[in-house]
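Open the model in your viewer and keep the selection panel handy. We will go from stop to stop, with something to select at each one.

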Amino acid sequence: MTEQPMVRFDNVSKRYGSLTVLDGLNLDIARGEKVSIIGPSGSGKTTVLRMLMTLETINDGVIWVEGEPLTHMQRNGKLVPADLAHIRKIRAKIGMVFQSFNLFPHMTAMQNCIEAPITVLGMKRADAEARAAELLDMVGLSEKKDHYPSQLSGGQQQRVAIARACAMRPKIMLFDEVTSALDPELVGEVLEVIRKLGREHDLTMLMVTHQMGFAKEFSDRVCFFHAGKICEQGPPNELFGAPKNERTRQFLHAVLEAG
Amino acid sequence: MIWDWAFAFEILPVLASAAIVSIEATLIGFALAASLGLVLAVVRIAVPWTGWTISVLVELIRSTPLLIQIFFLYFVFPKFGVVLDAFTAGVLAIGIHYAAYCSEVYRAGFDNIHRGQWEASVALNLSAWTTFRDIIIPQAIPPIVPALGNYLVALFKETPLLSAIAVLELMQTAKIIGSETFRYTEPMTLVGLFFLAMSLVSAALIRSLEGLLNRRTMR
Ligand SMILES: Nc1ncnc2c1ncn2[C@@H]1O[C@H](COP(=O)(O)OP(=O)(O)O)[C@@H](O)[C@H]1O
Ligand SMILES: [Mg+2]
């Protein structure tokens, strides 16, 4: 028996009115797998992550997490739309880091990292703080734990956001262009933290990125999206080295030309 | 002589104790308005299907005079078996009336919170209650303190309406003094001065609170 995928998109579609953003998406992600999503702007990359984080509803299909439906519940052998309690239970396995950080501005780095562990996981403050201190150390920000987001650089804020997401001990981490809002000289420090996370933790990671070099070196698999479909996917050296699809070639050509 | 100092000093203690009633009505009324307004604004977002009902309710309350609402609670509610004393009925009416205004202020405050704050809360699996309590409300309140403060002052200046149902607040007391002594100049002037002073003081308090909150959130 093959192991259950960590995440399965089963024929998932997403529409905004008459605009079909994702068209019958099928995608399995194995436990611990690092998958990069690349593709032109507007191809539906962010939407994939947002649906998995339950920030968007889906119009068709089912998303499965560790063999359990995320968007639905099983009732008398049938799948019915999930209620909030079910969604929260499955959602607990997933964490997300956003392009615009989305730290809580009225809380220090430490407070950002302990809020959810205390209120959602019911951890004791002291335990939550000890764990947050470890995570802030991992992202290289022990010194900044009492700083507010406005006192931190973009790169530092994004690293706090990563620590904050990790504090909930997710099994799946989603990264949506997490370096796109950063000045070029700050990109490296954030990628370094993601690299470390990939090494030190047995995390399943799904990231939308424009950093082709990073995607190539870091991921087990790269998916190229075009117009709401996976146009081509494969191990990075194949997809970057010998793309089979004409659209992939054009895209990679344009991206590498630009940067 | 138009102004009689001796008379003014004689009625001062009576007016002072009436002033306490006015202030009590203001504070209780505003506490009710601020908390009920917050509840309305939160429920409207947290329980989407209530949106329409709450909008209609708020519009209804804002489009009818406060005096009518006071009369309604005091004279009409007893017909349905709800008997309230004048002070309770009056303060309740004032509180509900201003809750409608406050709920709109909170709503504007919530609308100004960046979408990313809600999304981060979902990603961290916070409950709706925790999201409001720890994330949204602490960020939404500081910018709306001036608007809420304006309603506090406005509410205070409307407490004389309570004299219409004979609550012994400042206005009613002044009217009684006037009708008993046939001197209105001193009581009405003193009442006016009192409202002026209190309004100025609260405006100053709100400004300093505002400054304090700004300094804390600008960090
Ligand atoms: N809330 C929305 N309403 C309408 N259209 C949307 C909404 N969100 C995204 N879209 C559209 O969906 C498409 C895919 O968006 P997105 O997933 O953000 O693309 P990407 O991340 O690949 O740039 C785009 O055409 C975008 O305009
Ligand atoms: Mg995007």
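Strands here are DSSP runs of E with at least two residues, helices are runs of H or I with at least four, and both are numbered from the N terminus. Two strands count as paired if DSSP finds at least two bridges between them. In this hairpin two residues sit between the strands, and A:Asn76 has a positive phi near 50 degrees.

A word on ground rules: this is a predicted model, in which local features need pLDDT of at least 70 and side-chain atom pairs count only at pLDDT 80 or more, while totals for chains, interfaces and linings use all residues. Residues are numbered from 1 along each chain as its sequence is written, chains are lettered from A and ligands numbered from 1 in the order in which they are written, and side-chain values use heavy atoms, with hydrogens and water left out.

**Next stop: the open sheet**

Colour four strands of chain A in the order β2-β1-β4-β5; they form an open sheet with antiparallel pairing. Its edge strands are β2 and β5 (68-69), each pairing on one side only. Now pick β1 (residues 7-16) of chain A, which runs antiparallel to β2(A) and is joined to it by seven bridges. To see one facing pair, select A:Val7 and look opposite to A:Ile29 in β2(A).

**Next stop: ligand 1**

Which residues surround ligand 1? Select everything with a heavy atom within 4 Å of the ligand, and the shell includes A:Tyr16, A:Leu19, A:Pro40 and A:Gly42. Then look for polar contacts, that is, pairs of N or O atoms within 3.5 Å (within protein, one must be able to donate a hydrogen and the other to accept it, and residues adjacent in sequence count only if both atoms are side-chain atoms). A backbone N or O atom of A:Gly44 is 3.1 Å from a ligand oxygen, a polar side-chain atom of A:Lys45 is 2.8 Å from one, and a side-chain N or O atom of A:Thr46 is 2.6 Å from one. In chain A, β2 (19-29) and α1 (45-52) are the elements giving two or more residues to this shell. The most come from α1(A), with three residues.

**Next stop: the largest pocket**

Bring both chains into view. Pockets and cavities are found on a 1 Å grid over the protein atoms alone: in a cavity a 1.4 Å probe fits but cannot get out, a pocket is an open set with protein on both sides within 12 Å along at least five of seven lines, and lining residues have an atom within 4 Å of a point. Grid points are joined across faces, edges and corners, and a volume is the space filled by probe spheres set on the points. The largest pocket holds about 590 Å³ of space. Its lining has 22 residues, and those closest to the centre are A:Leu84, A:Arg91, B:Trp118, B:Val122 and B:Ala128. Highlight α5(B), which supplies the largest share of the lining, five residues.

**Last stop: the cavity**

How many cavities of 30 Å³ or more does the structure hold? There is one, and the largest cavity has a volume of about 100 Å³. Select A:Gly95, A:Met96, A:Ala165, B:Ala123 and B:Leu124, the nearest to its centre of the 16 lining residues. Finish on β8(A), which gives the most to this lining, with four residues.
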